[in-house]
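Below are some questions and answers on a protein chain. Each answer works toward the value or name asked for.

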Amino acid sequence: MRLSVIGCGYLGAVHAAAMASIGHEVVGIDVDPRKIASLSKGEAPFFEPGLQEILADGIASGNLRFTTDMSAARGAKVHFVGVGTPQVKDGYAADLTYVNAAVDELLPYLAEGEIVAGKSTVPVGTAAGLAPRVTATGATLVWNPEFLREGWAVQDTIDPDRLVAGVPAGEEGETAASVLREVYHPSVAKGTPFIVTDYATAELVKVAANAFLATKISFINAMAEIAEVTGADVTQLADAIGHDARIGRRFLGAGIGFGGGCLPKDIRAFSARAEELGRGESVAFLRQVDEINLRRRDRAAQLVVEALGGSVFKKNITVLGAAFKPHSDDIRDSPALDVAVRLHGLGAWVTITDPAAIANAQRVHPQLNYVEDRDEALREADAVIVVTEWDEYRRELDPQHAGSLVRGKVVVDGRNCLDAGAWRAADWEYFGMGRP
Ligand code: UGA
């Protein structure tokens, strides 16, 4: 099927390449000429495992191309809109400028029977607001939220755990849903749940999922705060409650909390939208979810201070990680980088290393010291803090070897990802988050 994908960021670039990899003929469109130049050469403009391969294959096969010219969307059966919806500068709401602009610029190229499929995360009510403009061209608007995780984006796009389509009522909606089923034919054929619903539900599914995940993380981090004053161990607590299938162990990783381009802004936008709808109190807990999350960054910095006897002033602190999570070079609202900035603010000499995110981090925080090589970064450290649980630190860093490089064997495990016993056995003072 001929498809267009408007917006070639994390979501759109992966979607375009993934759709080409399952046999569609895809054009990706973005206003940023640099991004388009890189994608057109088959080069991923950001770090995402597996993307490079399917991009290069798509370009080589002729099934995938990229352009800044919106008229290239003409003739596609489905037009996916995957532009960003960042937090507005003066509040918590989502900024819909890019969604509105993308749809408006697409309108002249739409024809009868085509489908515009919104993938961006938007406040509930957005699709209903956009629909009349799309319908006037003879095309149909559907809302088809995306649930991909960075670091697993290719796999999540090609083989998602569910597909959701918000469609208009009646025959028009049914036809649009069957076209989307065709688009996602490999997943549909293997029985992936395909939920057809109305616009509002589809929009809400997306924000509700992210709100739930954020709440789960902040719940366990709240337990970590209680563990800290009682001597309990939050990781054992998470293991124990996680055995209950109704609770589940995933997303009960206590530590410095969630960040990235989605969870933080999505819970804020959800609160803002609920307030506009007169139902602010229904999701008032999301403010606390946000606050608990941000407190953990302070706590991590405070642990380093305590571990070094009350001050980090003029101490060498090595920060392992900058990305908001492993397998990503994304530093948007990264708790890892935030902790590094806090320590720098307290007068520490901070050295950061990360397998993928140094270039991005350096651009935003040039005041910090970055070192590519992990061992080089560890040299002469008075304390080490792990803030992104890359395998390079979690599995591959031998505490004996690390001990031979540093000046002080003090380690703060901001992700509760190290084997505390092994580090203590190698003479390190180990401090976890919510662990004795
Ligand atoms: C999140 C959702 O998981 C995706 O389903 C969704 O599609 C995406 O947002 C989006 O809206 O686009 P992502 O931002 O890639 O995906 O990252 P997650 O894997 O959800 O992790 C978010 C943050 O939570 C990271 O900083 C991670 O370190 C943190 N986290 C995760 C914890 O602190 N503890 C955990 O147990 C799990």
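**Aromatic pairs, helices and strands**

Q: How many aromatic pairs does the count come to in this predicted model?
A: The model is predicted. Rings of Phe, Tyr and Trp pair if their centres lie within 6.5 Å. By this rule the number of aromatic pairs is four.

Q: Are the rings of Phe47 and Trp390 stacked or edge-to-face?
A: The ring centres of Phe47 and Trp390 are 6.2 Å apart, and the planes meet at 70°. Planes over 60 degrees apart count as edge-to-face. The pair of Phe47 and Trp390 is therefore edge-to-face.

Q: How many residues apart are Phe47 and Trp390?
A: Phe47 is in the loop between helix H2 (33-40) and helix H3 (51-61). Trp390 is in the loop between strand E12 (383-386) and helix H16 (391-394). The pair links distant parts of the chain, and the two residues are apart by 343 residues.

Q: What is the distance, centre to centre, between the rings of Trp423 and Trp428?
A: Trp423 is buried at 4% relative accessibility, and Trp428 is buried with a relative accessible area of 4%. The two form an edge-to-face aromatic pair with 70° between the planes. Centre to centre, the distance is 4.9 Å.

Q: Which residue has its charged end over the ring of Phe147?
A: A charge sits over a ring if NZ of Lys or CZ of Arg is within 6 Å of the ring centre and within 35 degrees of the ring normal. Here the charged end is 3.6 Å from the centre of the Phe147 ring, and it belongs to Arg162.

Q: What arc do the buried residues of H3 cover around the axis?
A: In H3, the residues Leu51, Ile54, Leu55 and Gly58 are buried. They lie on the same side of H3, because the arc they cover around the axis is only 105°.

Q: Which residues are exposed on the other side of H3?
A: The buried residues of H3 pack against helix H1 (10-21), H2, strand E3 (64-67) and helix H6 (153-158). On the other side, the exposed residues are Asp57 and Ala60.

Q: How many of the five residues of strand E2 are buried?
A: Strand E2 comprises residues 25-29. The rest of the structure largely encloses E2, because the number of its five residues that are buried is four.

Q: What arc do the buried residues of helix H5 cover around the axis?
A: Thr126, Ala127, Leu130, Ala131 and Val134 are buried in helix H5 (residues 126-135). They are on the same side of H5, because they cover an arc of only 125°.

Q: What distance separates the C-alpha atoms of Ala209 and Leu263?
A: Ala209 lies in helix H9 and is buried, with a relative accessible area of 19%. Along the chain, Ala209 and Leu263 are 54 residues apart. Their C-alpha atoms are separated by 9.6 Å.

Definitions and conventions: Residues numbered from 1 in each chain as written. Predicted model: local features only at pLDDT ≥ 70, side-chain atom pairs only at ≥ 80, totals over all residues. Heavy atoms only, no water. Phe/Tyr/Trp six-rings, centres within 6.5 Å; stacked < 30°, edge-to-face > 60°. Buried < 20%, exposed > 50% of the residue type's maximum accessible area, 1.4 Å probe, protein only. Arc of directions from axis to C-beta. Contact = heavy atoms within 4.5 Å.
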